[in-house]
Amino acid sequence: KIRSGKFDVNDVILQLIRLNLPQLFDSAYLDEVQDFNYAAIYLICTVAGKDSLNWVCAGDTAQMISVGCCFKFDGLKQVMRNIRPGIESSLKKVVNLKVNYRVTKDILKVSNSILDVAKKNFPEAIEYAVPEEAIKDLGFKVSLCLWHEAMKVTTSFGTNQALIFSSEDDQENVYKDMKEWLGDHPFILSSLESKGLEFDDCVVAFDFERKAWNVDGERVSSLRLLRELYVAVTRAKERVVLLVKKESPAMHKFFESLQCDLFLEDANVVFMEFDRGTTTPDEWFRKGNQLFEERQYKMAASCYKSAAAPSYANWAQGLHENQLGRKDSAASAFRTSARLFLEQADYESTLDLLSLVMDIPPWDESDDLIYDAARRNHPSYFTAEKTVRFALKRSKYNEIRVDHLNDPVALPLVLAQRDNPLLKEAICNFPEEDITALVEFAPTLAGDMYSSRAEYVRAVELYLCGRDYLSAEASTVAYIEKFKADEQSHGLLQGLVKLWQSYSEAIELLTSGSSSALLVQLFSSPREVARTRAKDCLAKLGRDIIKCAVAVHEDLSDTDLYAFDPDEFDAEVSSALTERHQEELIRAVRWYVSQNDPTRASIFASKHWSTWSYDEILGIIVGELKLRPNGLLDECSHRSILIALVEMCLKDKTWDIDLAFEATNIAITSKERAEKDASQLISIWYSRRNDARVTTKTKLAPHEPKPSKAMLFLNLIIRPKALSQSEKQLCMAYFGAKVVEVCVKRSLANNAYPVLHFFDSSAFNHLRPEEDRAHNPTPKPSSKEQNKSTARQSDLRKPSKRKSNSSSSESSESITDGRRTANKNSKSASSDSSISDDSIPPLLGRRHSSSSSDDFGSDDSDDGSPPPLLPRDNHSDSSSASDDSMPTLQRRRQDGGGSRKKGRKRR
């Protein structure tokens, strides 16, 4: 049923019962209750009279001929007990109505006899039935006539005469026979169709199967026959004629058994008295109207046809077809009737018929032509509700006027279609004076109009006035999006907030996540929203509305925007802090730190380098706040306070060895800067030489690539002996002889020369002991040695490859511990001769002049390039010095050098 969309009345009843409807009426009166099923009775008694038990039910089980009914009064009582348990004592006994005021005594005698036969054979099926008494006696006897003789008599039935046949007959054939006899008489009815009707005269033509006439308690068809016969006989108020078939002895026997003095009579005589002659069209029309009012549309249609009123006949026929669910046939009959009424200039009836057509879609163009013609000739017939309904169903929205919307019945029809864009367009085309009137009685429709014009604040006001909070929320969201795209005046925004604040019940009805509720909360308590719903607020309302909400609070400033989103409002917060602390910007840096945001504190500090004093950079930014802004080292270098920075970073409270390392690296970028700042840097780092953090940081890995200048410099201070063996050439190239000399002297004091000798013997020749220089004067270098020195100088400009020398450690130790002079005995000479040529460079001569180890004055030879290993110009440039002038140790080295080199090559 659900798939096909077809349901019967029982489906509807059960669905209504499931709804548990409350009591709607005080009392319930049920007539012909035997034709109701128990579900229908339960529904009626639930919604009517349940609380007060005001239930009145009237019925006759002898007339229970409706299909599917199996009513009993005991079942009725059980239904009532199910509705209100415990009411047994309130249920009254069944009361019999014994007096019949409609039929005559003769008719009632026959009906009582039929009832006695039914009770005798079917006692359980006929409950509480007792013989009735009649008041009216007209002297008309119930007549019997043969069926085939009656068909030969020409007669004319009037408006109060009917022919009733059995529902169990072959209805099509019986109805055809009756039509041939009586023509298009309206009242050729089955017994079921005749229920509830009454006529002056009735002809009963039952053609039941023969077995049914032999009444037997085991034969269901007999019970059906008795009930239908009882119903048919009691439809007549004056005369009853029973047609019997000659070839059916069982039928004759049945009527004789009733013992009501029923005899066969001449059909011509009976129907002569029965004939009412010619009935006028007016009589038929009045009868049709009567039946129409009683909703007996099929018979009413027949009466209208007899009255030659096709327009009314189609009207009644359409209603009959609609009752049967035949919608297309009903619509066709209604259209025909409407066209006929229009031709008769009956515009009211035309419009009434079109109303019925409207309820059976689809509506077509021909219907529009009829409607327009009828409306032109009778424009005031339809109420505002009818006019609006027709306009909406036909999509003719321009027919709706503002005065129609002032109707309390018509307005809901329009409101139900508010989302229709064509309807909105029609309302927007109203004149301004109509819009003003519309605001008074239909504010929501006016709100739709203003919303379509993008006047959202005015729309919200009207929606709130009309209690349409969802539409108000939608317009608020639209205004917010418009505000994001094109910032409106703050006055409109604040006005919108005040509107919502004035309708507090609307905020309560909306969800907490609605934009309107969030907007009101934001303007009421920005800090609370920033704490609890900052992300949601930024996504729904946008940055501009948040700024506006903060601005309206005198106790807040743009710095409060930081709590919503530091990234989103970074520019505003920075600008506000700059303006607030323009006389003391360091407070802005402190403010960022107080927000636990060192990153932005550092960014702010780096943007204002020019404003910071020496104390603010080192004492506050680096020392107290422990910030490391971008460009810190460059700024310190520019201000020549790198040394102070290093000293600050090596204090325990502000310890930052990495920054000190970087600052040192910049401070010794060139030889000039190294010579200038070396004394202070050496003192600072030397004081921390025993700190485990420093020793760990400055420890060179065994196979570390080319180390940084700072790494070499610190190792030169802390580990000069080791560095003299591994990176001596880089140290001399980076720092020069003066810096190397000061570093080594600071570390080794008076024992510095043996280590310095390994860095560069010629550069530090002036530090040789006097007795050594007296016995071993420095010869002039040979051309071969000059070439070798030049090659070494060139190698210093390239990345050096450190070689492992197994004898370097032993040679260094021998030189350091010995402190021997050149005029010692052969044992000393033999010891010196054990040092290889690669570990100790030859003594090439003495410097022309010497200076103090702490002297960092100008030096003509210090040009920033790696220091030359050859003697300078003020030394002797003679390359032919006599062998006799060389010290004995030097000659031995020259004599034996070649053989030793060959020996190493062989090994």
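## A first look around the model

At 0% relative accessibility, Cys649 falls under the 20% limit, so this cysteine counts as buried. Keep in mind that everything here comes from a predicted model.

Let's stay with the cysteines for a moment. Searching the whole structure turns up 0 disulfides. Cys303 is another buried residue, because its relative accessibility is 0%.

Next up is a pair of helices. Two packed helices are described by the angle between their axes and by the distance between those axes. For helix 25 (residues 469-485) and helix 28 (residues 515-524), the axes come within 8 Å and cross at roughly 65°. On the helix 25 side, the contact is made by Glu473, Thr476, Val477 and Ile480, which meet Ser515, Ser516 and Leu519 of helix 28. Sorted by class, this contact has 3 nonpolar, 3 polar and 1 charged residues.

Helix 28 is largely enclosed by the rest of the structure, because 8 of its 10 residues are buried. Among those buried residues are Ser515, Ser516 and Leu519, which also take part in the contact with helix 25. Ala517, Leu518, Val520, Leu522 and Phe523 are buried in helix 28 too.

The structure holds 2 cavities of 30 Å³ or more, and here's how they compare:

| Cavity | Volume | Lining residues |
|---|---|---|
| Largest | about 60 Å³ | Asp570, Ser574, Tyr592, Arg600, Ile603, Phe604, Lys607 |

Helix 34 (598-607) gives the most to the lining of the largest cavity, with 4 residues. Helix 32 (570-580) supplies at least two. By class, that lining splits into 3 nonpolar, 1 polar and 3 charged residues. In the second largest cavity, helix 4 and helix 9 (220-233) each bring at least two lining residues. Its lining has 6 nonpolar residues, no polar ones and 1 charged.

Helix 4 (105-121) turns up again in the second largest pocket, where it supplies at least two lining residues, as do strand 2 (55-57), helix 3 (73-83) and strand 3 (99-104). This pocket has a volume of about 1,300 Å³. It is lined by 40 residues, and the closest to its centre are Cys57, Ala58, Gly59, Val95 and Leu97. The lining divides into 20 nonpolar, 10 polar and 10 charged residues.

Key
Residues numbered from 1 in each chain as written. Predicted model: local features only at pLDDT ≥ 70, side-chain atom pairs only at ≥ 80, totals over all residues. Heavy atoms only, no water. Disulfide = S-S within 2.5 Å. Buried < 20%, exposed > 50% of the residue type's maximum accessible area, 1.4 Å probe, protein only. Axes fitted to C-alpha atoms, helices over the stretch in contact; angles between N-to-C directions. Contact = heavy atoms within 4.5 Å. Nonpolar A, V, L, I, M, F, W, Y, C, P; charged D, E, K, R; others polar. 1 Å grid on protein atoms, 1.4 Å probe; cavity = no way out; pocket = protein on both sides within 12 Å on 5 of 7 lines; lining within 4 Å. Points joined across faces, edges and corners; volume = space filled by probe spheres on them.
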